[in-house]
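Please look over the sequence and the structure below before reading the report.

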Amino acid sequence: MSLPGFEQKTVSVLLPIPTDGAYSYGVPDGMELQPGDYVQVPLGTREVAAVVWDRQDNEIDPKKLRHVISKFACPPMKAEMRKFIEWVAGYTVSHPGMVLKMVLRVPTALEPEAPLEGLSFTQRQPERVTPARKQVMEFANHGLSWTKSGLAHAAGVTPSVIDGLAKQGVMETVELLPQPLFPKPDSTYGTVELTPDQRKKADELRAIVKSGVAGAALLEGITGSGKTEVYFEALAECFAQGKQALVLLPEIALTSSFLERFEQRFGARPAEWHSELAPKAREKTWRQIKTGELQVVAGARSSLFLPFDNLGLIIVDEEHDLAYKQEDRVFYNARDMAVVRGQIENLPVILCSATPAIETRVNAQLERYTYLKMDARYGNAVLPDLDVIDMRKHPPARGKFISPLLIKNIEETIARKEQALLFLNRRGYAPLTLCRVCGHRFECRNCSAWLVEHRFRKTLQCHHCGDSHPTPEACPECGTLDHLVACGPGVERLGEEIIEAFPDARTIILSSDMAGGMKRMRLELDAIAKGEADIIIGTQLVAKGHNFPLMTLVGVVDADLGLANGDPRAAERTFQLLHQVTGRAGRAGGKSQGLLQSYQPEHPVISAIKAADSEAFYEREIDARRLSSLPPFGRLAAIIISGRDRRETETYARALRQACPASKEVRVLGPAEAPLSLVRGRYRFRMLVHAPRSFAVQNWLRAWFREGPKPRGNIRVQTDIDPQSFV
Ligand code: ADP
Ligand code: ZN
């Protein structure tokens, strides 16, 4: 109770929960709090880490006011970071608390690192010197101090030997200071001689970093032009200034080759940040980024929310990649939000790609971004000759998927001791299984999707919810035995076809289903790079950034896949993917070839790739977008309504649509049943909002949701600004 005449001191706190804004908390006597301070507060029956905010949204009845429990010693969140959180929430129509939650991924990292207990040699001799004890003392004599397990391991003894020595005062306990996870990068460690054109681009980027002024630059260059070498120069400048840098990579768990190249150039590895990081490493990494001990991070999209206090540069490699889009809780594109973080923190952002997103290309052409373009491959590497195999004229044998023309080229390639890559973006054995007798199709019980046969694992799997069943021998509908038939190809099935055609070749199938996870995948990729395979069959994992010097043939098994659906971005996606895949060939010089199997060779996307005419593709696609006011010339937002009961969900979706604020400028399509109408047992309906570029679509959406009927029970409404996926 506060005395009359005394104001109870309160503070507003943003919590990592899905509510609209900050809450008031009481401040205990003697505690000083500033905006940005990390605090522990009570929430219901729990305690959570949260951040003191400078804006109060929810007034609390003073009688119900609860108090801040404690303040973390960790330095406060910078005002820029708080602004960034608000900005992302505003743009994505999400709760700021849910964005904060992405920042506060490891609350334990807010506590200082507990000092490790170490041991050091006192030079005193034990009563009895056994060989094991002698061994320990020899090791301990070299090092200053050791952890018990580290010393035991090094000396090859059990920890009890060390306990014995400690008891006799031979070893004494000391406090070990926490060590940085990685040494600082050295800007001048392994400099590379750049070509004149690379040098020119690198100097421009260095100048941008040196100026330290906000702004985005697009570094566009065909695969193998040396974009990585060039942006390494920008990083070198940033490190030379003593600032931190962030490199975003789409498939971090797979980019061991990037980490190695980085180490060769800078003499130290970057810290990694991705979903496979062990909890302890995650905690240390977060803390050391905050304290500035870590100078550089290479990470997946979530690393954009790491607490750098001294950031000087963000690089977004393969900026067009879909992996940057999060489609869960807060729907954001890390590429776009990186540019925003750069604006707010006043630092440059470099976007790199061989096939930039249409949005990025337009921004560069309109000079909103600095535009740097590299047109030649490094050294004697030349781009592959591209050709389309017209599948109507050269069809595969019955039940097969590879045209005799492609088979012949594979044969010639491996005869020259070179490698061939077959690309098909379909995991598993076959995308559809049916019963030949009754026509029963195997469909997921939770999703509107066919079950995909995985023959190695002998399962039928749903690629949306992960549900998996042993492949039955009999049809569950009519009971007939052994009459199930696989329809269409997956990588496993192609593998079968290849092994039949080339029984002596060394064939590897690469997909995310591979047993052994990312570790195994890295090993396989290394093996391929070393020439330990002849034919590689892979999904889009192999398309991303790997360098296979011996690869001279890339065959795209189904170039048309992806062009057929009604997705407004289908052409762009297909172009990017096919360009990326065919770019895997011929990176080490000499002649190389890309062959696209297609049933519609005259399709503009296929012919642009064949002609290696990116400009023609961009021109056409940008014109088409402009004519139909699609992004970036107009705005799109998707609203996804889902629920366990189909009727209720649809009724709610219609009611919400009815409440939509009138506007002459906005068009709302739907609600319509989503192409993926059932996922994990939830029925899905979609609306698509199409507005002019100048229209403040977020404000309009917020007003709509505020005024409209509220979702009840298990019904959920998700907003996807700038949707990349339409299923
Ligand atoms: P990109 O990122 O544009 O695909 P990379 O930076 O990966 O291109 O370069 C392609 C290959 O060429 C790599 O193996 C790289 O080491 C090599 N390379 C590029 N530029 C140079 C250079 N100036 N000196 C030595 N090697 C280079
Ligand atoms: Zn499913």
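## Aromatic cluster

In this predicted model, one aromatic cluster is formed by Tyr231, Phe232, Phe239, Phe258, Phe262 and Phe266. The whole structure holds 18 aromatic pairs. One of them joins phenylalanine 258 and phenylalanine 262, with ring centres 6.2 Å apart and planes at 40° to each other, a tilted pair. A pair of aromatic rings is described by the distance of the centres and the angle of the planes.

Phenylalanine 258 and phenylalanine 262 both belong to helix H8 (residues 256-266). They are four residues apart there, so about one helical turn separates them. Phenylalanine 258 counts as buried because its relative accessibility is 7%, and the cut-off for buried is under 20%. Phenylalanine 262 is also buried, at a relative accessible area of 0%.

## Zinc site

Which residues coordinate the zinc ion (ligand 2)? The donors are the SG atoms of Cys444, Cys447, Cys462 and Cys465, at 2.2 to 2.3 Å.

The arrangement around the zinc ion (ligand 2) is tetrahedral because the four donor atoms subtend angles of 105 to 114°. For four tetrahedral donors, the ideal angle at a metal is 109.5 degrees.

## Charges over rings

Arginine 455 has its charged end over the ring of tyrosine 429, at 3.7 Å from the ring's centre. In another such contact, arginine 361 lies over the face of tyrosine 618, and the distance to the ring centre is 4.2 Å.

How values were computed: Residues numbered from 1 in each chain as written. Chains lettered and ligands numbered in written order. Predicted model: local features only at pLDDT ≥ 70, side-chain atom pairs only at ≥ 80, totals over all residues. Heavy atoms only, no water. Donors = N, O, S within 2.8 Å, 3.2 Å for Na, K, Ca; no water. Tetrahedral: all angles 85-135°; square planar, octahedral: opposite > 155°, others 65-115°. Phe/Tyr/Trp six-rings, centres within 6.5 Å; stacked < 30°, edge-to-face > 60°. Helix = DSSP H or I, 4+ residues; strand = E, 2+ residues; numbered from the N terminus. Buried < 20%, exposed > 50% of the residue type's maximum accessible area, 1.4 Å probe, protein only. Lys NZ or Arg CZ within 6 Å of the ring centre and 35° of its normal.
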